[in-house]
Amino acid sequence: GVHDCSMWEYLHTQSWDWDSTIIMIEHAGLRDLFEGKGEHEQITFLGVTNHSIRLYMLQNEYEKVTDIPVDFCREILQKLIIPKRIMVSDVPRGMRESSTGKETGGMECKALRGAMFMWTYQEPYMNVPDAGEISLNFMTRGGSVVNRIYSTDIQTNNGVVQALGYSFELKNI
């Protein structure tokens, strides 16, 4: 959807998905970026949800988000922020072969920290090639897992949220 507000304000409208994310952003000192006050006019946030943050906390025996080290929070978030607006339609078709790591099509994106390979893939529909659902995928450079975006093109005044699935694991970035 389209939201006539900052990304920061949007995150506050969906507490089920974003309340731990909001705490992580503040803990990392990145709130200004999400309010549209940072050095980047537009950002794309590969939005890590509450479920992923809680899973990480359970795996590492943290009781609250602010128990996670600040530097780790900042590093993870910076790996998931691209300093420009990217919509699904901006990302070319492509693929990454899991057996060889060979990448075709897609695009390289520079994040605030590091880089990633992003691509879209269109499923066949009723045996008709390129007629079905279009998925957005990415893999961070140095990461080990292909990640799929599950909720795409959430537009705000200062950027786009491309929301990760509930099964996304911070350790895979």
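These legends go with close-up views of a predicted model.

**View 1. Y56 and F72, a stacked ring pair.** Here's one of the five aromatic pairs in the structure. The ring centres of Y56 and F72 are 4.7 Å apart and the planes sit at 10°, so the pair is stacked, given that anything under 30 degrees counts. This pair ties together distant parts of the chain: Y56 belongs to helix α4 (residues 50-59) and F72 to helix α5 (residues 70-79), with the two residues 16 apart.

**View 2. The cluster around Y56 and F72.** Y56 counts as buried, with a relative accessibility of 11%. F72 is partly exposed, at a relative accessible area of 23%.

**View 3. R148 over the ring of Y150.**

**View 4. N158, a buried loop residue.** N158 lies in the loop between β8 (147-156) and β9 (159-164), and its relative accessibility of 6% makes it buried, since the cut-off is under 20%. Its side chain has a polar atom 2.7 Å from the backbone nitrogen of M7, and the N158 side chain also reaches the backbone oxygen of F34, at 3.2 Å.

**View 5. The neighbours of N158.** Leaving aside residues up to four places away in sequence, N158 touches C5, S6 and M7, then L33, F34, E35 and G36, plus E41, Q42, I43 and R85. M7 and F34 are the residues whose backbone atoms featured in the previous view.

Conventions: Residues are numbered from 1 along each chain as its sequence is written. This is a predicted model: local features need pLDDT of at least 70, side-chain atom pairs count only at pLDDT 80 or more; totals for chains, interfaces and linings use all residues. Side-chain values use heavy atoms; hydrogens and water are left out. Rings of Phe, Tyr and Trp (its six-membered ring) pair if their centres lie within 6.5 Å; planes under 30 degrees apart count as stacked, over 60 as edge-to-face and the rest as tilted. Helices (H or I, at least four residues) and strands (E, at least two) are DSSP runs, numbered from the N terminus. Buried means under 20% relative accessible area, exposed over 50%, partly exposed in between (1.4 Å probe, protein chains only). A charge sits over a ring if NZ of Lys or CZ of Arg is within 6 Å of the ring centre and within 35 degrees of the ring normal. A polar contact is a pair of N or O atoms within 3.5 Å; within protein, one must be able to donate a hydrogen and the other to accept it, and residues adjacent in sequence count only if both atoms are side-chain atoms. Contact means heavy atoms within 4.5 Å.
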